[in-house]
Amino acid sequence: MSQGTFKTFQDLDVWKAARELRQQVYALVKALPPEEKFNLASQMRRAVLSVTNNIAEGHGRYHYQENIQFLRQSRGSLEELLDDLTLCIDERYAPATEIKGIENTLGRVRALLNAYIRFLKERKAAEPGTLRETVATYTVDEEETF
């Protein structure tokens, strides 16, 4: 279980993990065959960038429900990326071990997103009528689905 206090989106464990995922995906994309440079490569870059962008944008909104919606968008982009990684396995664009490593990071990001969504929902419920978030602590202890 990890616990952290955050002030900017860059302090969030979920954003840090998503950044690591982005770095892994960008490295993979550089190794794709030439025929995939404009289609699959572009799609994968957009999907993984959407993950970090939506975490950042949601954090900047400060309203619980808006932030949660942006986090859900990030989660959707993760699933899109997972499908793209499946294509990379099917077409043997990279070693399966490399893809599995990226999938493991993706799973960690998903778990952190779910924990952050749960935290925001609980915080909102504990403060009825409060729209704006404040600096707070959240914990990650299990993967949940919403």
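Where is Arg-92 found? Arg-92 lies in the loop between helix 3 (64-90) and helix 4 (96-126); helices are DSSP runs of H or I with at least four residues, strands are runs of E with at least two, and both are numbered from the N terminus. The model is predicted, with local features requiring pLDDT of at least 70 and side-chain atom pairs counted only at pLDDT 80 or more, while totals for chains, interfaces and linings use all residues. Residues are numbered from 1 along each chain as its sequence is written, and side-chain values use heavy atoms, leaving out hydrogens and water.

The protein chain has a mean pLDDT of 88, and 84% of its residues reach 70 or more; pLDDT is the predictor's confidence in each residue, from 0 to 100.

| Element | Residues | Mean pLDDT |
|---|---|---|
| Strand 1 | residues 2-5 | 51 (lowest) |
| Helix 1 | residues 13-30 | 97 (highest) |

Phi of Arg-92 is near 55 degrees, a positive value in a residue other than glycine. Leaving aside residues up to four places away in sequence, Ser-77 touches Ala-47, Ser-50 and Val-51, contact meaning heavy atoms within 4.5 Å.

The axes of helix 2 (residues 40-61) and helix 3 come within 8 Å and cross at roughly 165 degrees; axes are lines fitted to C-alpha atoms, for helices over the stretch in contact, with angles from 0 to 180 degrees between N-to-C directions. The two helices are therefore roughly antiparallel (over 145 degrees; under 35 is roughly parallel, 65 to 115 roughly perpendicular, the rest oblique).
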